[in-house]
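Please examine the sequence and the structure shown below. The briefing that follows is arranged by topic.

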Amino acid sequence: MAVHNITFTLNGEAEAAVVPSHMTLLQMLREEIVMTGTKNGCAAGECGACTVLLNGEPVNSCLVLAVECDGQTLVTVEGLAHDRQLDPLQQALIEIGGVQCGFCTPGVLISARALLDRNPHPTKADVQAALVGNLCRCTGYVRIIDGVLAAAERA
Amino acid sequence: MSLIIAQNIKETANTNGELRAGGTDLQERRRSRISAGPIIDIRRLQGLDQIEWQADGSAVIGAMVTIDAVANDPKIQAAYPGLAKAAGGLATPQIRLMGTMGGALLQHTRCPFYRHPAYNCHKNGGDECFARDGHNPNGVVFDLGPCVYPHPATLGMALLAYEAEVDIDGVGRRSIDELYGDGSDPTRDHTLEPGQILTHIHLLPPIPQEKAAYFRSISRAEAEWPIVECLVRLVISDDQITFARIGVGGVANIPLRLENVEQALMSQSPGRETVEKAAQLAAAGTNPLPQTVDKVRFLVNTVWHTLEVLSPKS
Amino acid sequence: MLGKSIFRDDAHGKVTGSALYPGDIEKDHFLHAKLLFTGQPHARMIRMDTAAAEAVPGVVCILKAEDVPVNEHGLVMLDQPVMVGLNSKKPFSDVSRWEGDRAAMIVAETEEAAARARDLIEIEWEQLPVVTSPVEAMRDETIIHGEEPSNVYKHYRIRKGEMAAGWAAADVIVEETYQVPMQEHAYLQPEAGVSYIDEEGRVTVEVAGQWTHEDQTLIAHALDIPKEQVRVIYPAIGGAFGGREDMSVQIVLALASQRLREMGINRPVRIQWTREESVIGHHKRHAVTIHTRWGAAKTGELTAIEVEMILDAGSYNCTSNKVLGNAHLTVAGPYRIPNAHIDSYAVYTNNCPGGAFRGFGAPQGCFVAESQMNKLAIALGIDPVELRLKNVLREGEASITDTPLPAGISIKTVIEQCADKFEEPFSGAQVLPRSFQSLPADPKALRRGRGFACALKNIGFSFGFPERSEAYVELRGRGEIDRVVVRHAGADVGQGAHTAFKQMVAEAVGVPYEKVEGVFSDTAYTGDSGSASASRLTWMTGNAIRGAVEKALTLWKQEERPAVGFFRYQPPPTEMLDDKTGKSNPNITYGYVAEAVDVTVDIETGHITIDRVVCANDVGRAVNPNLIEGQIEGAVVQAFGYAVTENLQSKNGHILNPRFSTYLIPGIRDVPQKVESLIIEEPDPQGPWGVRGMAEMPFIPLAPAITAALYDATGVWFNELPLTPGNVRMRLKNTLVPDLT
């Protein structure tokens, strides 16, 4: 089985990994790098819990091969807070109640971050369009939408 | 614009391997173990990730261009509005960012029996279609062959409505019709042989006055395979329809164009009556399964609804 | 401390990615496990060959039915084998009755090796008739559990009053058949867990469940070891909704650790299910078919009801008898019914087992009761709200079990408040004088309608179950209380229970929230809390905490440092239904809810959208309003999925759509445009500080409120769920709605 030496930027830090060809980015994050904030909800690109930023774009890490990340830039939920200062999105979800079981939360935050990076003042419809690939079974989404809008307002 | 792809890639694919582009379909089949051989990642093949514009104003889209790039490209939105709308209406933002145009065209059927380990259907080495018998409302209404699960390629349907062509490396130019065949062979999702690679999509020069609408009938607000989908392209000039192309998906095991509906629209005034009359023709030629009889009406309504979006008077 | 929306304790870890769920736990030198499902809805194992699998490099051991000391489990009946296979001491263990039955557990150095070995296990099966229709199963031509005389393993009755007199008094009779489908829990975190031998030699399982001590009991039973030698810990849990009540990976993980110990291997084991394994491998909300007749006098008073209910229990009794009991009682709604004749059956089939799911039988029962009330309202020409107010049970009146409901009946309040709130104008829509008539119809295909429904649901386990909840509260400090430590097993499945527990401790002790610490959900440190289900957790825990705090404060005053109070709260006992008449006091207490909806339906496409939901939910006393609103909003959207988008398809006992692209839970664009939560606080006399259980209630009335609104919009009743576009279209067409061809 072929293995590859890859290097990439993960949450602002240079990283290297040795990965087999078939390993997904999600598997590499969770099992090789042992960074488990990125969740495995379906491994088929259908729930969004594993969403990470690949060169600034939200992708399902379960569908990306680790080797594809050679030379690329990745951000996971662990990379959203800086110097122990939470991202406004993280703070808003805590305060407004957009977190229940929390399993969808990392993916939701990443998709929302990508949205705010591209569109700092989204409407409710923009938020819904950006998060349509992130399923949540607990909150009914109401407080997720409110949280993202509040974070945009505060930033 | 031809590209000679290393022979060993083709040979590996020809034995038991599979080509991988965006991976959004393949990765799912890997884990359900419908695909088990080696993977050949062609994502990084040079020269396939660009949209190129020709002197006549037409676009050539590389097979590795993402669905998102097509959906959000302002020039595509202007020149081929229906294609951009269809691309933006499928799956989720994450899938659109990873999925490629080539992969979207060549994905395998989403039939639950094909993807279920307990069933071996035509596409899985068996000789039966399990979707034919039973209560699956997602079946076809144009029964074109032994396999009765609808083709999943929204963009195949869209490109059919745009009369696009594709390059198959080492083989040549094929129409979208030819790419999908006539639906009679239940073992295939498309007519490419193992190892053949789709490299480019060629669009015709855009029609400046074209208006397009896309509607996807699904049971959730977004992120579902279409029950019925429809793409309409119209040119209306002096209150007359001078050009019409209608693509429909979710209704046959290949993407379809409804030429009879197109003809009924031509030279007519685009009012409520025209639209209603033309939409009824979508039912012509349907031969639904017992469980999809009602879907014929759904097809008519979807076509009707999509036409109404573009019809100024209705 | 009560009534404050304190930010939940676990949110920080969840937003930063540091919270550990069962699949996130890292231990040194992990071994990896895979389960082999039989894939056989009904078949007898003839031969199983694991030789090739055992020869796969890296395979450590393969566990089979014969390796399970006591090969049985189940929450109410031990009718389910831990594994199906040959040479088991438990009779009939060679029969697979469900495609999700387990045939082998493979433990290996890597996941890949375990998966490869799993593929190489050869099993020969003798096919048995697959029974998927409960009606067919009731004929007992094929017996699914060989040791049982019949597939019908539970039959409850209500015989109340004089039916002949009841029908004679009826001016209007509504007779209907209803069909409600299975529902998948679809929690985002698929089943996973780790097991190991802890420092005290206990077989330890870290897993997501709903009741640590029940997991512990069932593991100990199957392994045939004392309970004290088993430890169960819950880390962060990624949703549950009833779906984690039964055993998924708990017993097999413990079995693997026990076997590894015997082999002299001291290494932890982990398992992670795929989404498909999760959907195929755990129970569902029960599909139920109900035939019923309701009679009412011209004045609106109900005179009689007759019900026959058949519940598809699937292959095993995952609490089906209890779900049946709840459906059996809630099918009468919160109403005064003088004459009733109800027969309810739970029937084994080869389908996926039915089991616990938010509402636990009440969504099915109330769908029928509320649909019948809405139809009677039309037939009688009485406003549906008025009709309900005429018939709702009052304090001291005989309920369907011929005994009064426990004191504190607030159904009238929730109905009135919900109706009043709904009268308020909403985003410009024209509001008609009395509540539930049509909104102005769209000139084209869009039709709008309004609907109303209400519900009651028991809090806590019923029918004679020995309910209890144990809490330890420790007061630390010298002169003043510096710190309070509460120890409690209750599972925080995502609802925020641990935050609410700490608020109640702070309230009871009289200290700020920040001074309270919790040790939760570990059988090594906590007493039995009972389950995180049946809307019981805050209610029971609050009572346990009050008792424990009272004891600790007494000791504190006696200068004990630290002062540790322990209390085992036991609510008043309940009774099983009388076999012949159903007469009993089956429940401890109840929660009450009412919902009103504005719905838009496109009669051409069958698409339904909810414009507005008003939910009036009596919570007794709001411990944390933000968490409560989160429960209401989440329940409403989950119920929208149940009523409209979710359509579990199966064929010959195989689930066909075990994934999120085909089993469609609501996404962020499917949610109602507006969900208005009305938190009612009418105290429950038995609840701590008046608290009532609340988290299931908002789920229950939504489906019948939607069908009432659809009737209002189209003039057509819908007796079957889900209301997918295809189903809606077909029903509208078949009932010949004017101008719809």
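**A strand and its partners in chain C**

In strand β5 of chain C, the bridge partner of C:I62 is C:I106. This is a predicted model, in which local features need pLDDT of at least 70 and side-chain atom pairs count only at pLDDT 80 or more, while totals for chains, interfaces and linings use all residues. Residues are numbered from 1 along each chain as its sequence is written, and chains are lettered from A and ligands numbered from 1 in the order in which they are written.

- Strand β3 (residues 59–63) of chain C pairs with β5(C) in the antiparallel sense over four bridges; two strands pair if DSSP finds at least two bridges between them.
- Helices (H or I, at least four residues) and strands (E, at least two) are DSSP runs, numbered from the N terminus.
- Strand β1 (residues 31–37) of chain C also pairs with β5(C) in the antiparallel sense, over six bridges, and C:A33 stands opposite C:V107 in β5(C).
- Seven of the seven residues of β5(C) (residues 102–108) are buried, so the strand is largely enclosed by the rest of the structure.
- A residue is buried if 20 or more other C-beta atoms lie within 10 Å of its own, exposed if 12 or fewer, and partly exposed in between, with C-beta atoms placed from the backbone.

**The nonpolar core**

- The largest nonpolar core has 393 residues, and C:I106 is among those with the most contacts inside it.
- A nonpolar core is a set of buried Ala, Val, Leu, Ile, Met, Phe, Trp, Tyr and Cys residues joined through C-beta atoms within 7 Å.
- Helix α15 (residues 625–645) of chain C gives the most to this core, with 11 residues.
- Not counting residues up to four places away in sequence, C:I106 touches residues including C:A33, C:L36, C:V59 and C:I62; two residues are in contact if their C-beta atoms, placed from the backbone, lie within 7 Å.

**Helix α6 of chain C**

- The 12 residues of helix α6 (residues 212–223) of chain C should span 16 Å at 1.5 Å a residue, which agrees with the 16 Å between its end C-alpha atoms; the expected span is 1.5 Å times one less than the number of residues.
- Of the 12 residues of α6(C), 10 are buried, among them C:H213, C:L218 and C:I219.
- The cover over the buried residues of α6(C) includes β10 (203–207), β11 (230–233) and α7 (250–262) of chain C.
- Just after α6(C), C:D224 takes a positive phi of about 60°.

**Where chains meet**

- In chain A, 41 residues are in contact with 45 residues of chain C.
- On the side of chain A that touches chain C, α2(A) gives the most, with four residues.
- That side of chain A divides into 23 nonpolar, 13 polar and five charged residues; Ala, Val, Leu, Ile, Met, Phe, Trp, Tyr, Cys and Pro count as nonpolar, Asp, Glu, Lys and Arg as charged, and the others, Gly among them, as polar.
- Between chains C and B, 23 residues of chain C are in contact with 21 residues of chain B.
- Helix α17 (residues 725–734) of chain C supplies five residues, the largest share of the side of chain C that touches chain B.

**The domains of chain B**

- Chain B is divided into domain 1 (7–109 + 151–202) and domain 2 (211–310), with bounds that come from an automatic or database domain assignment.
- The C-alpha centres of domain 1 and domain 2 of chain B lie 24 Å apart.
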